[in-house]
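Subject: Structure handover

Hello,

Here is the structure I promised to pass on. Please have it open while you read the notes below.

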Amino acid sequence: MPSSENLSELLDPTGTVLLTVECQQGVVGPDSALPELAQEARSSGALARIARLVAAAHESGVQVIHAVAERRPDGRGANHNARLFRAAERLPVRQLTGTTAVRIAPPVEVAEEDFVVRRLHGLSPISGTDVDPLLRNLGCRTLVVTGVSANIAVPNAVFDAVNRGYTVVVPADAIAGVPSEYTPAMVRNTLALVATITTTDDVVACFERRRR
């Protein structure tokens, strides 16, 4: 874990953005298309910690971006080149544009100043979306990545951010994947090699110190 001084330097609000990944009702809500993942996000406390991070960011003037995965009802533009995409087409809950499934799930709150970036294709919240141009226009240097899943979308976000020159901070207790033991293994063996690993408490403490 980084020292509080080093982390506080990384998390200067003027150059920090908090990204939530697929924290939408159709993924982590009670009527999720992926009930095992939704259960893990909630029972582990990850979703509650994400909500706490978002609230702290709002209070501290840190920009928040919510990355949402969705698809058109006719499926146009969506990927079909992997088993995951084909399985998603058969799920009883689909992440259709304009439906409840693609709204940000409570207890995470969306403020007026937040950005909600929606993608119709691929696995990454960053590649091929508006997230990177927004980060550059916002003067982002450090991206805090939270959300689901530790299996696919979160590591995609981390790798894409690092490849684009951002410093990435991952509060390891504010991401979730399945099975539950996979997340710490992913953090320890992969994400820790390219990102600064920390906790929700430490990130919130940095935001609060900056606010004071």
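Which residues does Thr 20 touch, not counting residues up to four places away in sequence? They are Ile 50, Val 54, Ile 65, His 66, Ala 67 and Thr 146. Touching here is contact, meaning heavy atoms within 4.5 Å.

Two points on the basis first. This is a predicted model, where local features need pLDDT of at least 70, side-chain atom pairs count only at pLDDT 80 or more, and totals for chains, interfaces and linings use all residues. Residues are numbered from 1 along each chain as its sequence is written, and side-chain values use heavy atoms, with hydrogens and water left out.

Thr 20
Thr 20 sits in strand β1, residues 16-21. Strands (E, at least two residues) and helices (H or I, at least four) are DSSP runs, numbered from the N terminus. Thr 20 counts as buried because its relative accessibility is 0%. Buried means under 20% relative accessible area, exposed over 50%, and partly exposed in between (1.4 Å probe, protein chains only).

Arg 71
Arg 71 is in the loop between β2 (63-69) and α5 (83-88). Its relative accessible area is 12%, so Arg 71 is buried. Its contacts beyond four places in sequence include Ala 78, His 80, Glu 89 and Leu 96. Arg 71 and Leu 96 are 25 residues apart in sequence, but 5.0 Å apart in space, C-alpha to C-alpha.

Arg 76
Arg 76 also belongs to the loop between β2 and α5. At 59% relative accessibility, Arg 76 is exposed.

Best wishes
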